[in-house]
Amino acid sequence: MKNAKIYLDTSVISHLDAQDTPEKMADTKLLWEQIRKGKYDVVLSEVVFAELYDCHEPKRSFLTASVQQIQYERIDSNNSDVVALANKFVDMGILGATSFDDCRHISTAILAGCDMIVSWNFKHIVNPKTIKGTKVITIMEGYKDILICSPAMLIGDVNDE
């Protein structure tokens with residue numbers, strides 16, 4: 001069976017070291033182990049790396065070292081196609097212009113043909129308005145449908161493996 005192709009936004013990687021949210025950190029580490037074992041094909045974008053580099057030390061070094069432990073495809077999220085699709089999210093009122101990087105996360109995942117976007121960002125990404133709006137855009141533009149979920153939703157019961 002073919003692996004699901006997943007886009008990880010920065011919030012997922014950031015929760016590998018999130019002492020203030022131990023449950024999310026534990027779920028993220030479970031997902032990370034599944035990724036390291038090759039259960040998913042991972043896509044990361046330039047937005048992810050820019051946001052990681054904005055983290056303060058020592059977290060930045062820890063997170064960038066963690067990313068080096070997995071296999072991933074790196075996608076340019078600054079190209080005109082991604083930016084144009086991201087602008088549709090703003091134009092349709094799905095997300096505001098101040099959340100443009102979140103729009104680029106979603107647009108990059110769609111254009112990369114991902115099956116899922118995985119995020120802990122409930123404010124802008126993993127919420128009914130964005131999920132519904134993403135579905136509308138993928139249908140209107142003729143792109144493959146994409147699932148938006150949190151790591152907790154994705155890992156399921158690790159005993160099922």
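**Exercise 1.** Which residues of H6 are buried?

Solution. The list is Asp102, Cys103, Arg104, His105, Ile106, Ser107, Thr108, Ala109 and Ile110. Buried means under 20% relative accessible area, exposed over 50%, partly exposed in between (1.4 Å probe, protein chains only). Nine of the 12 residues of H6 are buried, so the helix is mostly covered. Helices are DSSP runs (H or I, at least four residues), numbered from the N terminus.

This is a predicted model: local features need pLDDT of at least 70, side-chain atom pairs count only at pLDDT 80 or more, and totals for chains, interfaces and linings use all residues. Residues are numbered from 1 along each chain as its sequence is written, and side-chain values use heavy atoms, without hydrogens and water.

**Exercise 2.** How many Å should the 12 residues of H5 span?

Solution. Take 1.5 Å times one less than the number of residues. For H5 (residues 80-91) that gives 16 Å. Its end C-alpha atoms are 16 Å apart, which agrees.

**Exercise 3.** Where do the buried residues of H5 sit around the axis?

Solution. First name them: Val82, Leu85, Ala86 and Phe89. They cover an arc of only 100° around the axis, so they lie on the same side of H5. The arc is that of the directions from the helix axis to the C-beta atoms. Next, turn to the face away from the buried side: it carries the exposed residues Ser80 and Asp91. Last, look at the cover of the buried residues, which includes H6 and H7.

**Exercise 4.** Is Met140 buried or exposed?

Solution. Find Met140 in helix H7 (residues 128-141). Its relative accessibility is 52%, so Met140 counts as exposed.

Key
Helices (H or I, at least four residues) and strands (E, at least two) are DSSP runs, numbered from the N terminus. Contact means heavy atoms within 4.5 Å.
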